[in-house]
Amino acid sequence: MSSWQNPWKWSEFRSMRRSMAIASAAMITAIVLFVPCAWIVLVPSDPTLRPDLTESWAWVGLGVCFLLGTAGHNVAGRTKARFDQAIYAITQALREKGGLLGFPLETDLGEVFPPVLISRQHRMIGFAGVSPMIVRMDQISVEVSAGDDGSIHGTPRQPHLLLRLKDCDPDRVFIISGRGLGRANLEQTAVLGERLKDFLTPSIGWDEKTEKRVDVEAFVDSMRPRRA
């Protein structure tokens, strides 16, 4: 597992964050600039912004707003598409590694970063990254963090799950809700933590949930003692 690289340092992830920041800045600038320009053009009777002197500049400003808004929207769209393709590639690599090891990773934890796949039958969990990592479920403990502890280097500065891995290198993995494109709140993160804990340690009645019935038989079979 020494080849595992922190997904927060993944070049595609860092590039996506930079591009989304640029796109957001462009669209916010367009919105802020649009308000006074539109006011000057639409309400020429209000002397506050001196429409007699600024109307021609207001029209130029509206053009700039349109260009900035369009550019920001296009950059955001292309960035999301490229990142989705990259996420698909590392997720497929994780599935393939699980298949080669005999662990079919059939359950997707959902929209999280890094992507997490689960084999309940074999009690294994996989993390997608530059290099896939698969560990036993009994090696994992889950904690919910608000992400406001800046004392730990590399800790996401947003609500996240801290997965402590026993006898593993690395000894922890951070998980955030969503694909890293936005900022999840603490409540969403707590719900994600409960969902993950439900996989790791199923509670009474877990198999009554529709989405979990499909692999009940595999889970029950995995709990039976094996003959030597």
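Let's start at Arg-95, which is partly exposed, with a relative accessible area of 33%; here buried means under 20% relative accessible area, exposed over 50%, and partly exposed in between, using a 1.4 Å probe and protein chains only. Keep in mind that this is a predicted model, where local features need pLDDT of at least 70, side-chain atom pairs count only at pLDDT 80 or more, and totals for chains, interfaces and linings use all residues. Residues are numbered from 1 along each chain as its sequence is written, and side-chain values use heavy atoms, with hydrogens and water left out.

Where does Arg-95 sit? Its place is in helix 2. Helices (H or I, at least four residues) and strands (E, at least two) are DSSP runs, numbered from the N terminus. Helix 2 covers residues 51-101, 51 residues in total, and reaches 71 Å from its first C-alpha to its last, close to the 75 Å expected at 1.5 Å a residue; that expected span is 1.5 Å times one less than the number of residues. There's a kink of about 30° in helix 2, centred on Trp-57, where the bend is the angle between axes fitted to the seven residues ending at a residue and the seven starting there. Just after helix 2, Gly-102 takes a positive phi of about 85°.

Which residues does Arg-95 touch, leaving aside its neighbours within four places in sequence? Arg-95 is in contact with Leu-105, Asp-108 and Leu-117, contact being heavy atoms within 4.5 Å. Leu-117 is 22 residues away along the chain, with 7.9 Å between the C-alpha atoms of Arg-95 and Leu-117.

Leu-117 takes us into strand 3 (residues 116-119), where Val-116 and Ile-118 point one way, Leu-117 and Ser-119 the other way, and all are buried. In a regular strand, side chains alternate between the two faces of the sheet. Strand 3 pairs with strand 1 (residues 107-108) in the antiparallel sense over two bridges; two strands count as paired if DSSP finds at least two bridges between them. Ile-118 is the bridge partner of Thr-107, and its partner in strand 4 is Ile-125. Strand 3 and strand 4 (residues 124-127) pair in the antiparallel sense over four bridges. Their hairpin has four residues between the strands, and Arg-123 there takes a positive phi near 55°.

Four strands form an open sheet in the order 2-8-7-6, with antiparallel pairing. Strand 2 (112-113) and strand 6 (140-145) stand at the edges with a single partner strand each, so one side of each is left without a neighbour in the sheet. Coming in from strand 2, two bridges join it to strand 8 (residues 172-177), and Phe-113 has Ile-176 as its bridge partner. Strand 8 and strand 7 share four bridges, with Leu-161 opposite Ile-175. These two strands form a hairpin with six residues between them, and Asp-167 in the turn has a positive phi of about 55°. Six bridges then join strand 7 (residues 160-165) to strand 6, where Glu-143 stands opposite Leu-162.

Zooming out, the chain has four helices and eight strands, running α-α-β-β-β-β-β-β-β-β-α-α from the N terminus on. Buried residues make up 39% of its 228 residues. Among contacts between residues at least 6 apart in sequence, 56% join residues at least 24 apart.
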